[in-house]
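Hi,

Here is the structure I promised to pass on. Have a look at it first, and my notes on what turned up follow below.

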Amino acid sequence: MIFCQLACLDSISILQYILGVEINMNYLPLFLNLQNKQIVIIGGGQVAERRLIRLLPFKENITIVSPALDKSLRQLIELHNVYWLQTTCQQEHFKKADLIVIATNDPITNQYVLENAPTSAWINAAHQAEAGNIHFPITIQKGKLQIAISTGGASPILAKKLKKSLEAELPDQYEQYIDFLFEARQLIKQLNISVATRKQLLHEIVEKPIYSKKDQQVWFEKLKKTNVMHD
Ligand SMILES: C[C@@]1(CC(=O)O)C2=NC(=C\c3[nH]c(c(CCC(=O)O)c3CC(=O)O)Cc3[nH]c(c(CC(=O)O)c3CCC(=O)O)/C=C3\N/C(=C\2)[C@@H](CCC(=O)O)[C@]3(C)CC(=O)O)/[C@H]1CCC(=O)O
Ligand SMILES: NC(=O)c1ccc[n+]([C@@H]2O[C@H](COP(=O)([O-])OP(=O)(O)OC[C@H]3O[C@@H](n4cnc5c(N)ncnc54)[C@H](O)[C@@H]3O)[C@@H](O)[C@H]2O)c1
């Protein structure tokens with residue numbers, strides 16, 4: 001009987017039917033500054049730890065709620081002074097949260113948080129991605145360069161594989177080179193030059209990358225000499 005009903009539906013509708021949640025496949029990739037946002041991570045296992053590592057730049061605003069913590073997570077929170085509430089999760093713990101990570105192994109708690117979270121909160125549901133409204137992509141970071149990859153929950157393993165192959169393609173000096181691009185762009189913006197020349201210079205340093213620090217220095221000196229700077 002169920003098969004008969006499912007046969008008339010497309011794959012998303014079948015998934016919605018099986019999971020009992022509405023699936024919205026529209027996700028917008030963004031880079032967020034979570035300063036001054038309240039972050040609550042519920043659970044103290046491996047997934048909670050993976051999320052904490054990603055959220056560490058905002059560690060002052062993080063609360064972890066869990067009756068127990070894995071050893072490595074405990075070490076991490078001690079090292080970074082992250083606030084831990086050693087208890088099972090209640091609504092009062094997340095009622096003012098802006099970002100909630102649900103990472104417990106207890107289906108009842110997971111469902112309870114989903115049903116009682118503030119409607120304005122961003123929710124990452126580790127047990128069932130579609131039940132939340134944000135996914136954590138896998139990321140590659142080389143200094144100021146960040147690349148985020150998501151398969152929309154189709155295969156975190158593929159995302160990991162793609163990360164490895166992309167990383168292998170990036171030259172070792174990339175982090176330093178990106179810093180050079182940043183400084184060069186700041187300098188070029190201050191120069192008394194035409195818009196066309198500015199554009200040409202900005203393109204040139206990308207099309208003909210200068211990786212060695214020494215050559216970058218030479219490039220800076222040359223540029224400074226040939227132009228009059230604004231004060
Ligand atoms: C990239 C990475 C970042 C991170 O987690 O930090 C990540 N998963 C990683 C690994 C991983 N995850 C899982 C396995 C076991 C194998 C497997 O089952 O496939 C492995 C492999 C491993 O551990 O190596 C199981 C799993 N994952 C999700 C569910 C629930 C569901 O599908 O609904 C379940 C089933 C849970 C269960 O049934 O128990 C969901 C999500 N996992 C996501 C990200 C988001 C989508 C990203 C995308 O589409 O690319 C999303 C949607 C959630 C989110 O937004 O948080 C991280 C990279 C590894 C690393 O960096 O080491
Ligand atoms: N998204 C992903 O990448 C991914 C990967 C693997 C597993 N998962 C899912 O994420 C969830 C967590 O996985 P894990 O490997 O970290 O599990 P885990 O078993 O290692 O940890 C679960 C944690 O939840 C805590 N907990 C249990 N009941 C709680 C409650 N009422 N309040 C607060 N904390 C409570 C436990 O103390 C424990 O620390 C599971 O549902 C699993 O299916 C997701």
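Let me start with the record: an unreviewed UniProt entry annotates residues 143–168 as "domain: Siroheme synthase central". UniProt positions are given in the numbering used here, with feature names shortened, and such annotations may be inferred rather than shown by experiment. Over that stretch the chain is 50% helix and 19% strand, with the end C-alpha atoms 16 Å apart.

Some housekeeping: this is a predicted model, where local features need pLDDT of at least 70 and side-chain atom pairs count only at pLDDT 80 or more, while totals for chains, interfaces and linings use all residues. Residues are numbered from 1 along each chain as its sequence is written, chains are lettered from A and ligands numbered from 1 in the order in which they are written, and side-chain values use heavy atoms, leaving out hydrogens and water.

Now the ligands. Around ligand 1 there are 21 residues (one of their heavy atoms within 4 Å), and Arg-51, His-135, Phe-136, Thr-151 and Gly-153 come nearest. Its oxygen atoms make polar contacts (pairs of N or O atoms within 3.5 Å): one is 2.6 Å from a backbone N or O atom of Gly-153, and one is 2.9 Å from a side-chain N or O atom of Arg-50. On its own ligand 1 exposes 1,000 Å², and the protein buries 65% of that (Shrake-Rupley method, 1.4 Å probe).

Ligand 2 also has 21 residues around it, and Arg-50 is among the nearest, along with Gly-44, Val-47, Cys-89 and Thr-109. Helix H3 (residues 46–55) gives the most to this shell, with four residues; helices here are DSSP runs of H or I with at least four residues, strands are E runs of at least two, and both are numbered from the N terminus. A polar side-chain atom of Ser-66 lies 3.2 Å from an oxygen atom of ligand 2.

Asp-179 and Lys-144 form it, at 3.1 Å from N to O. Asp-179 sits in helix H8 (residues 174–190) and Lys-144 in the loop between strands E6 (138–142) and E7 (145–149), 35 residues apart.

Cheers

How values were computed. A polar contact is a pair of N or O atoms within 3.5 Å; within protein, one must be able to donate a hydrogen and the other to accept it, and residues adjacent in sequence count only if both atoms are side-chain atoms. A salt bridge is a side-chain nitrogen of Lys or Arg within 4 Å of a carboxyl oxygen of Asp or Glu.
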